[in-house]
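Me: I would like to learn how to read salt bridges in a protein structure. Could you take me through some examples step by step?

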Amino acid sequence: MTQAARLPLDEIRRRFFTDQPLPGHALPPAILHSWQRCRSLGLPTGGSSGERLEDAALRQRREANAGWLETARPALAGLYEQVAGHDLALVVADSQGLILDESGDIGFLDKAARLALAPGMDWSEAARGTNAIGTALAAADSILVRGAEHYLERNRALSCAASPLLGPQGQMLGVLDISGASRKLGETQLRALRAARGQIEALLLSEAARSGWRLSLHRDPRLLDSPAACQLVFDDDGRLLAANRAGLALCALEPGDWRPRHFAALFGQSLGHWLSRHGEALGALEIGAQQASARLRPPAAHHRAAPSPAAAPAHSAPALDGLAESLFATALKLLEADIPVLILGETGTGKDRLARALHSGGSRRGAPFVAVNCAAIPEGLIEAELFGYQSGAFTGASRQGSKGRLREADGGVLFLDEIGDMPLSLQARLLRVLQEREVTPLGGGPARRLDIRLICATHRDLRARVAEGTFRADLYYRLCHYPLTLPPLRERGDVAAIAQSMLDGMGAARRGIALSPALAQAIRGYRWPGNLRELANLLATLLALADDGATLSLEHLPAALRADMVSAGHAVADSALEQVLRRCGGNASAAARALGISRSTLYRRLANKV
């Protein structure tokens, strides 16, 4: 890098805004182009915080994006695990740059809210100048914006990485963003965002491929099933239905510029001609002057359909595993009797799934379900978020005020996740609301009657928190009528059977994808510290990368996880060996016969443990 490129950013900004020439490479090209766009719009560098979208309008925007958000959930959960505990925030915005959701460490979320980096705020370039969310959308590419690279002075305390998400027809769906303090973020987070984006886009393309012929192309036939391969989906007549990023490039399509394409025009032969010569076997296609290996897969409808499950009864929890289902009936009776439901369990055990299943299976299934993560909202904002506020109640308050999440849940179900992390100062007010069944917004105004059914969840030991004075005893006894504990995944029986059931629920059965015996055994032996969430994230990733008809094996796992699983499997096997040896009174010959192995194998296994 040249000496000129090392100019301080403040000096670069001064030269830019006073129309002085900048040295070459003074700024990354994407940042310079964004500054130029912002200045052409007449955007002042002072900027303003802007107005937050009203709650009802924000709900509508979330509903409009619900399809891809649901598909993205496993990848977002994996991203959240990477930012948790690092003073960072994970932000999801729509295709217009409006923030839909935000999660992360409370300390940083509080700072982010003061900079208007919060749900309901517009972070497009036109509203917020150069920033990762808006600039990623404008450039249709991943970007890292550090400190004073932001166009607005008020945002220079931030560093943000963002990656735009494309739908299966190249349409812009939204943006994934990780934000943090100016020196806490870099290429590591950008790589994580790109990986998550790839996972989500692969899942979306797989959904589109269920109704079309999926063509995979790559110069190396070993990489036809990899994310690097070009993927195109055609209908029976050879018209292009969907494509991944490499496929868009092959078809000379820019993001957001979908135009008709046909198999014959792209490859000089009809889809039917290709099928008559190759069927589903490996073949070759000319792409420009180069030849690529190619494989065509039929639509899911061409596979033998899996037997459809019997219709679930009205009051059931079809999305839950067996042990969660066993708690479902008890929890539903409590909820229908207007008794608070308290769900306990380690992180990732599926407490939120059980809560949503209770809402779907209860008499209020058509009424609102409002979920609030008490650990994800900054302490300075949670009171306003829960109880609402009048116009002008505090600095930065919306002019229209806010009804609050409690009133949003009126007539329906309120789910307070991570209730054990609710600030002590708010617990008394929540208790009063639960007792009096009415809520008064911040800033005064009349009390409003409430009709809500309550579900709470936490991974904390509430009794211990009561003893140490961080959770009110009176609120504990108000909530803890009949606590229900979701056991960790390792205590739920055959984890491999649960994994296959989850895979089938994700569409694996329709695509003929199953677990190999070796992988099933490794899944049984692993302790799954992240519980169902960790397992779901892994399975969704494996499914996104797998071809139809594949048998998932240990080789499909990420290297680090494969090593951990194999190690755990050896530990389980060694433990079983020791138990059999003890039962046989230390008689090696009898133990070897019981295990079905030779005595020399038994001795070797024992020696390897030393």
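The dialogue below goes through salt bridges in this structure.

Reply: Please keep in mind that this is a predicted model. In general, one looks for a side-chain nitrogen of Lys or Arg within 4 Å of a carboxyl oxygen of Asp or Glu.

Me: How many salt bridges does that rule give here?

Reply: The count comes to 30 salt bridges. One of them joins the side chains of Arg156 and Asp10, with N to O at 2.4 Å. Because Arg156 sits in the loop between β3 and β4 while Asp10 belongs to helix α1, this pair ties together parts that are 146 residues apart in sequence.

Me: Which residue meets Arg13 in a salt bridge?

Reply: The partner is Glu153, and the N to O distance is 3.4 Å. Glu153 lies in the loop between β3 and β4 and Arg13 in helix α1, so parts that are 140 residues apart in sequence are tied together. Glu153 is partly exposed at 36% relative accessibility, whereas Arg13, at 5%, is buried.

Me: What joins Asp10, Arg13, Glu153 and Arg156?

Reply: Salt bridges that share partners join these four residues, Asp10, Arg13, Glu153 and Arg156, into one network.

How values were computed. Residues are numbered from 1 along each chain as its sequence is written. This is a predicted model: local features need pLDDT of at least 70, side-chain atom pairs count only at pLDDT 80 or more; totals for chains, interfaces and linings use all residues. Side-chain values use heavy atoms; hydrogens and water are left out. Helices (H or I, at least four residues) and strands (E, at least two) are DSSP runs, numbered from the N terminus. Buried means under 20% relative accessible area, exposed over 50%, partly exposed in between (1.4 Å probe, protein chains only).
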